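Subject: Structure handover

Hello,

Here is the structure we talked about. Please open it next to this message; my notes follow below.

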Amino acid sequence: MKKYFKRSLNRRLSLISIVVFIPMFCLAVILMVSLMKASHAYSEITHSVSYANQYVKDFKERIDYSMYLAVIGNMGMEELGNEEKTVNGIVTVNPYEYISEMEQACDHMAEVATVNINKNQIQRLKSSLKSLRKCVGTLEAGIKGNQKYEENKAYLDENINNLTTLIQTGIQDYIYTETTHLDEIKEHLDAKNANTLAVSIGIFAVTIFLSLILTNLAARSVTRPIKKLCKQTSRVAEGDFTVKAKVEAGDEIAMLTESFNDMTKEIGRLVEDIKQKQQNLHITEMKLLQAQINPHFLYNTLDAIVWLAEEKKNSEVVSMVTALSDFFRTTLSEGQDQIKIREERSHIESYLKIQRFRYQDIMEYEIKMDSKIDDYWIPKLTLQPFVENALYHGIKNKRGMGRICITGKLEGERILFSVEDNGIGMEEEQFVHLQKELEDPKTADMKAGFGIVNVAQRLNYYYGNQSKIIFESEKNKGTIVKIIIGIKKIEPFS
């Protein structure tokens with residue numbers, strides 16, 4: 001029966017030599033279809049570049065000039081006129097309508113983009129357009145509120161003109177990326193057209209000639225190892241990544257077998273890595289949740305409230321309960337991991353108000369943040385761990401009155417925060433260890449110290465190389481922490 005099965009298989013394989021030209025013809029068709037698809041991709045890139053080019057110049061020019069006319073003419077947006085050509089040839093637009101048109105254009109550019117990175121670029125453009133719409137509304141409110149011309153003009157220059165420049169640059173980057181991809185496709189097509197023709201003709205001729213001779217010889221040497229390999233593949237599909245196929249020859253099947261063994265080993269390693277990462281992620285999420293609500297802080301605060309109530313200090317009770325409510329409102333923030341800087345400031349202020357009740361004899365504080373950074377998003381609980389560290393490890397152990405100063409300001413394309421205290425400072429060994437942990441937060445020991453290292457890890461995740469934490473400390477004189485992040489106006493994750 002086995003001999004019959006083998007002979008039948010050999011006869012079936014022998015038929016390949018007769019009908020080999022059919023799959024080869026199909027191969028040629030497939031290659032042609034592949035070339036047509038590549039040509040279609042070439043056409044799509046051309047379309048996306050041409051479409052984006054329409055907005056490279058006109059958008060910034062029209063918005064900037066229309067808003068300038070609104071400022072110098074003290075006009076509302078509806079008075080600007082729409083699609084009216086001025087003396088210098090620039091067309092005026094209603095900013096709100098034109099921004100909406102640009103948002104629709106961004107959606108289309110995202111659909112026709114041929115490079116994945118450009119889809120992310122479009123999302124950044126849409127975020128900038130949202131900011132631009134908000135700035136236009138602010139400027140319009142200033143005009144209608146009879147705000148001084150100089151103030152409106154300064155706001156136009158510092159906000160709207162900068163945003164339109166940012167949007168224009170974003171569109172130019174989109175075009176550049178698409179154009180670069182176009183060059184790659186062109187080179188690929190040129191090479192593929194030449195190689196495909198030569199290789200197809202050669203393979204077609206050689207295959208027909210050799211298939212008549214080699215089919216019968218190869219049948220037995222191919223089918224047996226393939227069957228064994230199929231059995232091993234079934235075991236891998238069932239989740240057993242320890243299987244290893246034996247290499248019995250030195251031909252292509254042997255190469256396939258070696259590749260199968262390497263692939264199985266790599267898949268097993270990746271599965272273990274994924275399990276480990278999931279476990280680490282779970283630990284991180286749990287620790288973050290625990291860090292957000294410190295039970296000792298809550299208990300101590302409630303004890304203080306009870307004491308104030310017993311002393312019938314009603315105004316202090318109301319103030320402290322209000323601060324505690326504001327503190328936990330920001331801490332929970334409906335599960336969001338990112339909040340606006342103004343909310344982070346409110347969170348810190350609530351925390352310090354509560355601590356002020358407990359440590360009023362040894363602590364005073366000051367918060368100075370530029371209002372320009374209020375609407376930027378940052379990871380929740382970015383500053384609070386440093387403030388808490390300054391209180392418990394700096395001020396609390398100091399004799400006499402201690403002071404904590406928190407500042408925030410915009411410096412170019414970065415936001416700089418600082419938390420400064422005049423506490424006891426740090427020992428050199430402690431300072432060196434902390435700096436080492438912060439140099440590479442990705443590999444820091446999560447179990448060793450969660451608060452500050454966790455902030456460093458989250459900043460590294462969101463901002464990469466654009467974030468930095470710098471400690472400056474001197475024993476018995478105090479500590480300064482500088483937190484530097486890049487500008488990133490994004491919607492928060494829930």
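Start with a loop. Asn 476 lies in the loop between β8 and β9 (478-486). Helices (H or I, at least four residues) and strands (E, at least two) are DSSP runs, numbered from the N terminus. Asn 476 is exposed, with a relative accessible area of 58%. Buried means under 20% relative accessible area, exposed over 50%, and partly exposed in between (1.4 Å probe, protein chains only). Phi of Asn 476 is positive, near 65°, and the residue is not a glycine.

Two points on the source. This is a predicted model, in which local features need pLDDT of at least 70 and side-chain atom pairs count only at pLDDT 80 or more, while totals for chains, interfaces and linings use all residues. Residues are numbered from 1 along each chain as its sequence is written, and side-chain values use heavy atoms, with hydrogens and water left out.

Asn 146 also has a positive phi, about 55°, without being a glycine. It sits in the loop between α5 and α6 (149-237). Its relative accessibility is 63%, so Asn 146 counts as exposed.

Now the overall picture. The protein has 13 helices and nine strands. Of its 494 residues, 37% count as buried. Contact means heavy atoms within 4.5 Å. Among contacts with a separation of 6 or more, 71% are between residues 24 or more positions apart.

Next, the aromatic pairs. A search of the whole structure finds three. Rings of Phe, Tyr and Trp (its six-membered ring) pair if their centres lie within 6.5 Å; planes under 30 degrees apart count as stacked, over 60 as edge-to-face and the rest as tilted. One of the pairs is Phe 59 with Tyr 98, stacked at 5.5 Å centre to centre and 15° between the planes. Phe 59 is in helix α3 (residues 58-73) and Tyr 98 in helix α4 (residues 95-112), so this pair ties together parts 39 residues apart in sequence. Both Phe 59 and Tyr 98 are buried. Phe 386 and Phe 471 have ring centres 6.2 Å apart and planes at 50°, so that pair is tilted. Phe 386 belongs to helix α11 (residues 384-395) and Phe 471 to strand β8 (residues 468-474), so the pair links parts 85 residues apart in sequence. Phe 386 and Phe 471 are buried too.

Then the cores. A nonpolar core is a set of buried Ala, Val, Leu, Ile, Met, Phe, Trp, Tyr and Cys residues joined through side-chain atoms within 4.5 Å. The largest has 47 residues, and Phe 386, Ile 406, Phe 417, Ile 469, Phe 471 and Ile 483 touch the most other members. Apart from it lies another core, of 34 residues, including Met 67, Tyr 98, Val 112 and Leu 132.

On to a helix pair. The axes of α4 and helix α5 (residues 116-144) come within 9 Å and cross at roughly 175°. Axes are lines fitted to C-alpha atoms, for helices over the stretch in contact, and angles run from 0 to 180 degrees between N-to-C directions. α4 and α5 are therefore roughly antiparallel. (Angles under 35 degrees count as roughly parallel, over 145 as roughly antiparallel, 65 to 115 as roughly perpendicular and the rest as oblique.)

Last, Leu 324 is in helix α9 (residues 314-332). It is buried, at 10% relative accessibility. Its C-alpha atom is 7.5 Å from that of Tyr 351, 27 residues away along the chain.

Best wishes
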